[in-house]
Amino acid sequence: WLKHIKSIIDTSAFIAKAVEEGISVVVHCSDGWDRTAQTCGLAALLLDPYHRTIQGFQALIEKEWLSFGHKFTDRCGLIGTVEAKEVSPVFSQFLDCVWQLTQMFPHSFQFNERYLITLHDHVYSCQFGTFIGNCEKDRVDLRLRERTYCLWSFMSKYQNDFINPFYKKEMDIEMPILTPLQIPQSLKFWKGLYMRFETGIHPRENVMDTICALKDHSGSMREHISLLEKRI
């Protein structure tokens, strides 16, 4: 699995480097809706800081996956009539690659691990119409905008839960283009997704939740200090 993840990251880094140098790039796999979406989406993430924000990442998925025509219904096996050979965790691999980048560059991404896991779960849950269908035509024919709810609207209500406490906006200027580490040792196994239901693996409290709580508490203390200084 990690070998596939590394191949996607390596290819995306190659594309991003070429674009950075002003070279025109054409990306096309055998069909055009699997590896193309993975590598182009990841390359855009490396090149543009906007796509590393929550709003920008949603725009990236809408552009490179939904509008481009990734076959979510077939690849995720959302209906029982899908042939087994058509099912493949292509989008899961993409999210895994994004998570790897968040581990390499913890200050450059506005969203956290929980955001990626929630997104991954609802791609398969079918509770929202955002990822149903194999292309935009399917979603129009099924009238999903009228008959279902949008995942992005749902997630926006809980946006505070998806903020990365280590995110620094100034990194967009200091490091606008990311160059991922391409040595095998730089890749990690995503325990937060693949082993989250195993007992005894994780501590009682989520580390990120603890950090977020401490950050909020520190912010409240600073505001209180400012108020006291004004009174003095």
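My entries follow, from the whole chain down to single residues.

Ground rules: I am working with a predicted model, where local features need pLDDT of at least 70 and side-chain atom pairs count only at pLDDT 80 or more, while totals for chains, interfaces and linings use all residues. Residues are numbered from 1 along each chain as its sequence is written, and side-chain values use heavy atoms, with hydrogens and water left out.

Fold: I looked up the elements and got 12 helices and 0 strands. Both are DSSP runs (helices H or I, at least four residues; strands E, at least two), numbered from the N terminus. I also checked the extent: the C-alpha trace spans about 70 × 45 × 40 Å along its principal axes.

Packing: I took contacts as heavy atoms within 4.5 Å. Among those between residues at least 6 apart in sequence, 74% join residues at least 24 apart. Of the 232 residues, 42% count as buried (under 20% relative accessible area; exposed is over 50%, partly exposed in between; 1.4 Å probe, protein chains only).

Charges: I find the mean positions of the 26 positive and 28 negative charges 2 Å apart. Lys and Arg are positive, Asp and Glu negative, with His and chain ends not counted; the places are NZ of Lys, CZ of Arg, CG of Asp and CD of Glu.

Cysteines: I searched the whole structure for disulfides (cysteine sulfur pairs within 2.5 Å) and found 0. For C97, the nearest cysteine sulfur is that of C40, 13 Å away. C97 is buried, at 0% relative accessible area. For C150, the nearest is that of C126, 15 Å away, and C150 is partly exposed at 33% relative accessibility.
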